[in-house]
Amino acid sequence: MMMTHIVQTTGNTPDAIIIGGGPVGSYAALNLAKLGVKVTVFEEHPEIGLPSHCAGHLSIRSLSNMGLYPLPNGIVENTFSTANFYSSAGTKFSLHLSRPVTVAVNRARFDKYLARQAEAAGARFVLNACVQSLIMADGFVKGVNIQRNGGKEEQVYSKITLDAEGVSSRLLRQVGLTALKPEGLVYAVEAEVENVQDVERDAVEVYFGKAYAPGFYGWLIPKLDGTAKVGLATNKGNPQKFLRELMSKHPAASKQLVKAKITQIGYHAISLGGPIDRAYSNGFLAVGDCASQVKPTTGGGVIFGLTCAKTAAETASEALQRGDVSSDFLRVYQKRCSDLLGFDFSVMLRLRRFLDSLSDVKVDEVLRFCGKLGVDKALSDVDEIDFQGKLMLKVLGKPSMLAAMAYFVMLYLSANP
Ligand SMILES: Cc1cc2nc3c(=O)[nH]c(=O)nc-3n(C[C@H](O)[C@H](O)[C@H](O)COP(=O)(O)OP(=O)(O)OC[C@H]3O[C@@H](n4cnc5c(N)ncnc54)[C@H](O)[C@@H]3O)c2cc1C
């Protein structure tokens with residue numbers, strides 16, 4: 001991969017600048033370049049994809065729909081057709097699907113793959129280039145101030161800027177947009193481990209329990225090489241401390257992880273609050289984690305971020321063609337994202353509230369109830385896990401799902417009178 005060249009900051013002005021070479025920034029760059037837009041991506045780190053902080057658990061169907069599956073060799077670490085859910089008392093509910101529905105990808109390699117695709121389509125990447133601030137003039141974003149390799153600040157102008165800086169959302173404030181609210185954030189830890197025991201090769205493990213992952217859950221994702229990714233997120237306290245508790249004390253996780261050795265560990269926040277109300281301004285679009293385009297139920301942000309990145313690229317290209325990058329035109333981006341994902345977000349936000357409202361005892365009850373009702377069988381032909389609002393509508397017709405849903409609504413109402 002090239003990516004070592006330095007973009008000229010004078011005489012080579014890009015039409016579009018992208019802040020951040022994460023998956024969302026690179027996919028936006030790929031789509032812009034395909035549309036013939038001259039685009040430059042600024043990434044603050046020296047290497048795309050590193051440091052990695054993500055489990056990389058993605059839906060095969062969504063990747064396929066975006067033309068990203070199958071992936072080249074070396075990126076996919078495993079595929080899954082089963083999910084095992086455990087309560088803090090150790091009750092297990094298993095969901096067996098009729099075929100593999102998700103993959104675990106090596107995120108560093110996945111990110112590099114997207115960046116390489118974008119570069120091949122004509123996008124330029126500048127690494128070691130941290131965007132310090134936005135250049136503002138007459139109420140419009142006109143480019144960015146960057147610092148390369150710790151040197152002095154340089155100005156790079158463009159007609160439109162796409163912010164894909166991730167969950168820090170530091171630059172949003174400069175255009176008067178609201179940065180992500182702390183109450184919508186959970187703090188995650190993601191570890192690579194060796195010596196896991198009693199795990200099924202094609203099953204993702206999900207562990208509930210307020211003593212282990214308050215406000216979220218823990219997970220184990222086995223890899224084909226016998227190692228695994230283990231993590232959790234929490235809305236309070238120290239994630240590392242909770243991870244130790246999960247691995248040593250959770251009735252299900254401890255059996256699988258008590259002898260495990262952590263070989264790598266990383267920390268990062270996840271935004272569960274649903275998309276920000278306004279992700280556009282004059283000459284500016286926010287996309288991906290920095291716009292909180294993340295599933296409130298699972299914290300998965302890659303697929304929704306890529307979906308919105310494509311929409312952002314199409315909108316930006318259209319704006320450039322019309323010669324109108326004002327917020328009056330760019331507001332169409334918000335509407336398009338909402339048309340694509342709004343219903344799913346509203347369902348998932350309710351589901352998140354429902355999950356947060358359940359005590360450990362109730363979670364145990366729910367898992368037992370799902371087992372008794374045969375929810376497993378009702379969901380066995382599911383092949384899409386991202387668009388959870390549409391998924392619910394699809395499965396509601398099945399009698400066991402109707403009964404389960406009635407039970408969940410009752411629980412929800414009793415917890416949220
Ligand atoms: C522990 C954990 C596990 C997760 N597991 C999953 C999962 O299994 N599946 C899933 O779909 N999602 C998962 N997520 C969420 C997923 O990681 C994010 O949704 C996804 O990475 C968002 O992509 P992005 O490009 O918007 O942001 P990022 O991946 O954060 O990329 C932002 C990029 O911008 C760069 N940057 C930031 N500021 C600047 C600046 N000022 N100048 C230049 N560059 C800058 C950063 O260096 C980074 O490369 C997980 C998150 C965590 C924390």
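**Helix 6 and its end.** I started at the residue after helix 6. G323 follows the helix, and its phi is positive, near 70°. This is a predicted model, so I looked up confidence before going on. The chain averages a pLDDT of 92, and 93% of the residues score at least 70.

I checked its length against its residue count. Then I looked up burial. Helix 6 is mostly covered, with 17 of its 21 residues buried.

**The core.** Which residues touch the most other members of the largest nonpolar core? I found A28, L232, L285, V287 and A316, in a core of 126 residues. Helix 6 gives the largest share of this core, 11 residues. Leaving out residues up to four places away in sequence, L285 touches L162, A279, Y280, A312, T315, A316, L330 and Y333.

Next I took strand 2, residues 39–42. V39 and V41 point one way from the strand; T40 and F42 point the other way. All four are buried. The general rule is that side chains in a regular strand alternate between the two faces of the sheet.

I then looked up what strand 2 pairs with. Strand 1, residues 16–19, pairs with strand 2 in the parallel sense over four bridges. I17 stands opposite T40 there. Strand 8, residues 124–126, also pairs with strand 2 in the parallel sense, over three bridges. In strand 8, V126 is the bridge partner of F42.

Helix 1, residues 23–34, belongs to it. Strand 1, helix 1 and strand 2 make a β-α-β unit, and the unit is right-handed.

**D381.** Last, a loop residue. D381 lies in the loop between helix 9 (375–378) and helix 10 (388–395). Is D381 buried or exposed? I counted 11 other C-beta atoms within 10 Å, and exposed means 12 or fewer. D381 is therefore exposed. I also took a distance to V366, which is 15 residues apart from D381 in sequence. In space the two are 21 Å apart, C-alpha to C-alpha.

Notes: Residues numbered from 1 in each chain as written. Predicted model: local features only at pLDDT ≥ 70, side-chain atom pairs only at ≥ 80, totals over all residues. pLDDT = per-residue confidence, 0-100. Buried ≥ 20, exposed ≤ 12 C-beta atoms within 10 Å, placed from the backbone. Helix = DSSP H or I, 4+ residues; strand = E, 2+ residues; numbered from the N terminus. Pairing = 2+ DSSP bridges. Right-handed = clockwise from strand over helix to strand, strands pointing away. Core = buried A, V, L, I, M, F, W, Y, C linked by C-beta atoms within 7 Å. Contact = placed C-beta atoms within 7 Å.
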